[in-house]
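Thank you for making the time this morning.

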Amino acid sequence: MQVNDAYAPQTPIEGVMHAFTRIGRRLKAKQPGDTIDHSAHVVLFALRCNGALRLSDLAARLELDASTASRHVRSLEQLGLVRRSPDPDDGRAFRVELTEQGVEQWEASARHRMELLSAAMEGWSEEDVQTFERLMTRFADGVTALTEAPTSAAWADKGWAAVAPRLHRPAPAERRTEDSAAGGDPDGSANHDNNLESTR
């Protein structure tokens, strides 16, 4: 069913629900300039925050059944964004982890979505933006508390706090140029994942 953007909510709560419906379907849709879709973005985010995971652990964090998670992994593997590696704790199992290309694709996608949100709030005062952020966070906390999210879902809050600072740094190509000019590590591999240690 197509949602009618011209619908006039009758109460403030209806207005909130309608606004989320309008925003949600657009943010989940592939936008011009996106290189990966929303479902791929979420899978890459989980791996970016948690490091290599068994398929069952990845499915649990995403709150998906194993077959759906496996389908996502196969698709991302074909794109060269994730790879499978032997599980050091169980020779019969494997773990899924991001490739360097997967890290760069996720960061590019996250930056693009942040730019979209920033553009949507163009002209807002700094006070408006801060008020919106405070109320949205309060609202998200309320919804989370009421929907009894499993404890395994807590990785997302910690994970976003860990990876968000990277999104305010130059893109990889720009970073390599700056590092080379400064005589530093050209590919940033020396501290590639240091900021994620607290999430593992």
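Predicted model: local features only at pLDDT ≥ 70, side-chain atom pairs only at ≥ 80, totals over all residues.

If we read the protein chain from the N terminus on, its elements run α-α-β-α-α-β-β-α-α-α-α, which amounts to eight helices and three strands. Helices here are DSSP runs of H or I with at least four residues, strands are runs of E with at least two, and both are numbered from the N terminus.

Residues are numbered from 1 along each chain as its sequence is written, and side-chain values use heavy atoms, with hydrogens and water left out.

Of the 200 residues of the protein chain, 26% count as buried, where buried means under 20% relative accessible area, exposed means over 50%, and partly exposed lies in between, using a 1.4 Å probe and protein chains only. Taking contact to mean heavy atoms within 4.5 Å, we find that, among contacts between residues at least 6 apart in sequence, 57% join residues at least 24 apart.

Let me turn to the helix packing. Helix H2, residues 38-50, packs against helix H3, residues 55-62, at an angle of about 115°, with their axes 10 Å apart; the axes are lines fitted to C-alpha atoms, for helices over the stretch in contact, and angles run from 0 to 180 degrees between N-to-C directions. H2 and H3 are therefore roughly perpendicular to each other, a label covering 65 to 115 degrees, with angles under 35 counted as roughly parallel, over 145 as roughly antiparallel and the rest as oblique. On the H2 side the contact is made by Val42, Val43, Ala46, Leu47 and Asn50, and on the H3 side by Leu58, Arg61 and Leu62. These residues divide into six nonpolar, one polar and one charged, where Ala, Val, Leu, Ile, Met, Phe, Trp, Tyr, Cys and Pro count as nonpolar, Asp, Glu, Lys and Arg as charged, and the others, Gly among them, as polar.

H3 also packs with helix H4, residues 66-78, at an angle of about 105° and with the axes 9 Å apart, and that makes H3 roughly perpendicular to H4. Here Leu55, Leu58 and Ala59 in H3 meet Ala66, Ala69, Ser70 and Val73 in H4, and by class this contact has six nonpolar, one polar and no charged residues.

Which residues does Leu27 touch, not counting those up to four places away in sequence? They are His38, Arg113, Leu116 and Leu117. Leu27 is found in helix H1, residues 12-28, and at 28% relative accessibility Leu27 counts as partly exposed. Leu27 and Leu117 are 90 residues apart in sequence and 9.6 Å apart in space, C-alpha to C-alpha.

Gln105, in helix H5, residues 100-120, is buried, with a relative accessible area of 19%. Leaving aside its neighbours within four places in sequence, Gln105 is in contact with Thr35, Ile36 and Leu81.

I will finish with Trp124, which is partly exposed, with a relative accessible area of 37%, and with Phe132, also partly exposed, at 36%.
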